[in-house]
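Hi everyone, thanks for coming. Please bring up the structure on your screens, and let's walk through it together.

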Amino acid sequence: MNLLHMKYATVIAETNSINKAAELLYVGQPTLSRAVKELETNLGVTIFERSAKGMFLTPDGETFIRYAKTVLNQVDAIEDMFRKGRVRKTRFSVSVPRASYISEAFAAFSKLIEKNTQAEIFYKETNSMRTLRNVLQENYKLGIVRYAENYDKYYKAMMEEKGLENELITRFRYVLLMSTESPLAKKEHITYNDLKDKIEIAHADPYVPSLPFAQIKKTELPDNSDRRIFVFERASQFELLNQNPDTFMWVSSIPQSLLERYGLTQRECEENHKIYKDVLIYHKDYTLSKLDNLFIEQLIRAKREVIDGNKDMVI
């Protein structure tokens, strides 16, 4: 079996598109099509279902891609092991939501790594859909998935089906983040109606997963603002909130040091009752490493100090 063809198939599976895969791989579309056809012929199975919306894995295809990822990762590991002059490094990887208590935990974790430890550290902030993909397909060892509690049964069933361990980190309600100079900060009580004429700063990719075996609509907080600015990067979000008193953002609780650094404050909205969960995930057959456990210790510490320490967040 051609390893290069296996690589092509994994990229097509990630993008659900021959066109996008061709762009990423710098390979012509006919070459990719022939590679997939050859794989399917050799295996005697259909790997992809073709449609106008793209290319999606069949059940046999999902099994093939899972094993193909393992094979390709093992090949990479062998090359790393025997590459002349290459020092083998410890690898830590985690995919997480954009949450300040988690980034604070990661910063504390980075300070505790022993100086003689040769390590490559990967910290990816993204949405739940991509976190699941990173853990299932991209060799990320840990992930933190954030979702509304009303989707709990869906997520637990999906994690069981995909062979993922899941451990609850915290349950919380979102609070409002704003400049200390915002008119909202001066109100005794904040309602949804108070947000109507303000600008909401929002993550640009808030969607929950929509996997081949289940369909699920995106879940968001109430549509309480007529104007939104979508931003991927958290520091830019904080700068916007600081510079424009007419902006606000829904967030999990923010560390006090960060609030002071950017001149921000967080307030409860009494009409918001939706509960969210942050859940740690990893493969059931994966044994947590020393670095994994060190990060989880800091994660729990930050959760207790930031989330549990904020009375507005406690469920």
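Let me start with a loop. Tyr-26 sits in the loop between α2, residues 18–25, and α3, residues 29–43. Before we go further, please keep in mind that this is a predicted model.

Now, what is the phi of Tyr-26? It is near 55°, a positive value in a residue other than glycine. As background, most residues other than glycine have a negative phi. And is Tyr-26 buried or exposed? Its relative accessibility is 78%, so Tyr-26 counts as exposed.

Asn-139 is found in the loop between α6, residues 128–137, and β5. Its phi is near 65°, again a positive value in a residue that is not glycine. Asn-139 counts as partly exposed, because its relative accessibility is 26%.

That loop leads us to β5, so let's stay there for a moment. Strand β5 covers residues 142–148, and seven of its seven residues are buried, so the strand is largely enclosed by the rest of the structure. You can check this face by face. On one side, Leu-142, Ile-144, Arg-146 and Ala-148 are all buried.

Which strands pair with β5? One is β3, residues 90–96, which pairs with β5 in the parallel sense over two bridges. Here Val-94 stands opposite Leu-142. Another is β12, residues 276–283, which pairs with β5 in the antiparallel sense over six bridges. In that pairing, Arg-146 has Asp-278 of β12 as its bridge partner.

Let's zoom out to the sheet. It is an open sheet of five strands, in the order β4-β3-β5-β12-β6, and the pairing is mixed. At the edges are β4, residues 119–125, and β6, residues 164–172, each of which pairs on one side only. From one strand to the next, the twist averages 15°. If you follow β6 to β12, you will find eight bridges joining these two antiparallel strands. Among the residues involved, Glu-167 has Leu-280 in β12 as its bridge partner.

There is a helix to notice here too. Helix α7, residues 152–161, lies across β5, β6 and β12, and runs at about 155° to β5.

Now for a pair of helices. In general, two packed helices are described by the angle between their axes and the distance between the axes. Helix α1, residues 3–15, packs with α2 at an angle of about 125°, and their axes are 8 Å apart. That angle makes α1 oblique to α2. The crossing of α1 and α2 is right-handed.

Which residues of α1 and α2 meet there? From α1 we have Tyr-8, Val-11, Ile-12 and Thr-15, and from α2 we have Ile-18, Lys-20, Ala-21, Leu-24 and Leu-25. Sorted by class, this contact has seven nonpolar residues, one polar and one charged.

To finish, here is the whole chain. The protein chain has ten helices and twelve strands. Of its 315 residues, 46% count as buried. Finally, take the contacts between residues at least 6 apart in sequence: 77% of them join residues at least 24 apart.

Conventions
Residues numbered from 1 in each chain as written. Predicted model: local features only at pLDDT ≥ 70, side-chain atom pairs only at ≥ 80, totals over all residues. Heavy atoms only, no water. Buried < 20%, exposed > 50% of the residue type's maximum accessible area, 1.4 Å probe, protein only. Helix = DSSP H or I, 4+ residues; strand = E, 2+ residues; numbered from the N terminus. Pairing = 2+ DSSP bridges. Axes fitted to C-alpha atoms, helices over the stretch in contact; angles between N-to-C directions. Parallel < 35°, antiparallel > 145°, perpendicular 65-115°, else oblique. Left-handed = near helix turned anticlockwise from the far one by under 90°. Contact = heavy atoms within 4.5 Å. Nonpolar A, V, L, I, M, F, W, Y, C, P; charged D, E, K, R; others polar.
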